[in-house]
Amino acid sequence: MQDNQSSGQYDVNDATLKFVRRKDDITLDDDLNILRVEMSCGHAVSPESLTAWCRSLLDQGQYKFCCPAITHGTEKCNAEWPYLEVRKLAVLSDLEQAHFEENMALMAASEYCEFKSCPSCGSYVEREDLTNLCVKCTICTSVKKNIYQFCWQCMREWNGAAVLSVRCSYDDCVNPDVDKLTKCTDMNLFYVENVECPAIRACPTCGLLLEHNGQACKNLMCKRCKVEFCFLCLKLKSVCNPIHGPYTVCSVAPRQTEIPVWRR
């Protein structure tokens, strides 16, 4: 029976690995008795530090693995490691590998398409037209021998006209994300003159809901579309910062009442 846990050991006879005796560039552990390998970017890691770092990225919703090693001053290496390299040098077990690949696939899919579980059969359905809330489930349509459509917003069988619809005909059809935006609490950005703003914003590029932790500057990098924007005025960083700077109050945009559609 194969062990489900990572062995944490490198095969010292593997000629494809470059072994080094120097500090770990992720944890900065300088115990030279620990055998480490050099990544393609030139930085040293152990199986444990590499696995822990990549798992933390997955937990943050990131499926691309970049080197966190500090190169000059406070600058990070940021070189992207191919997954095959990570899988080999992290010495992932079968269970860990399955966990990584399942989550990576889900994150990649959510980045390039929108999908939800059909409220009738539970199968994943992709929303191809992002301007239309009426979505057809092909499986239910086939099984029921009749077109089955549901509302992407309230997740009930569709009620009303189905052409270019921005909402179904149920009176209580509400986008839960819009509800969160309108009802969230206010927060303060301590390092930006302690200015007050809504605690949740929808990314102005792709519409993903994001929260600011209140620390550091006013800019936030969207973990889905990777576009950086100002959490206060909701303009792109490249538009806001040259005028006001990352720690200066610009203007506080009102609470959003619509979710931006990602024009990919």
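Mentor: Residues are numbered from 1 along each chain as its sequence is written. The model is predicted, so local features need pLDDT of at least 70, side-chain atom pairs count only at pLDDT 80 or more, totals for chains, interfaces and linings use all residues, and side-chain values use heavy atoms, without hydrogens and water.

Trainee: Why is phenylalanine 190 called exposed?

Mentor: Exposed means over 50% relative accessible area, buried means under 20%, and partly exposed is in between (1.4 Å probe, protein chains only). Phenylalanine 190 has 57%, so it counts as exposed.

Trainee: Why is glycine 245 called buried?

Mentor: Its relative accessibility is 14%, which is under 20%, so glycine 245 is buried. Glycine 245 lies in the segment after helix H6 (237-244).

Trainee: What is glycine 245 in contact with, leaving aside neighbours within four places in sequence?

Mentor: Contact means heavy atoms within 4.5 Å. By that test, glycine 245 is in contact with Lys218 and Cys240.

Trainee: Which residues form the nonpolar patch on the surface?

Mentor: Phe190, Tyr191 and Tyr247 form it, with about 370 Å² of accessible area together. Areas come from the Shrake-Rupley method with a 1.4 Å probe; for residues, only the protein chains shown count as cover. Patch residues have over 30% relative accessible area and no salt bridge; nonpolar side chains (Val, Leu, Ile, Met, Phe, Trp, Tyr) are joined within 5 Å, like charges within 9 Å. A salt bridge is a side-chain nitrogen of Lys or Arg within 4 Å of a carboxyl oxygen of Asp or Glu.

Trainee: What makes a nonpolar core?

Mentor: Buried Ala, Val, Leu, Ile, Met, Phe, Trp, Tyr and Cys residues, joined through side-chain atoms within 4.5 Å. The largest has 23 residues; Leu50, Phe65, Trp81 and Phe100 touch the most other members. Helix H1 (47-59), helix H2 (83-89) and helix H3 (94-112) each give two or more residues to this core. H1 gives the largest share, four residues. A second, separate core of 22 residues includes Leu189 and Phe229.

Trainee: How do you know that E10 and E11 pair?

Mentor: Strands (E, at least two residues) and helices (H or I, at least four) are DSSP runs, numbered from the N terminus. Two strands pair if DSSP finds at least two bridges between them. Four bridges join E10 to E11, so they pair, and they run antiparallel. Asparagine 188 has glutamate 196 in E11 as its bridge partner.

Trainee: Why are E1 and E3 called edges?

Mentor: Strand E1 (19-20) and strand E3 (44-45) each have a single partner strand, so one side of each lacks a neighbour in the sheet.
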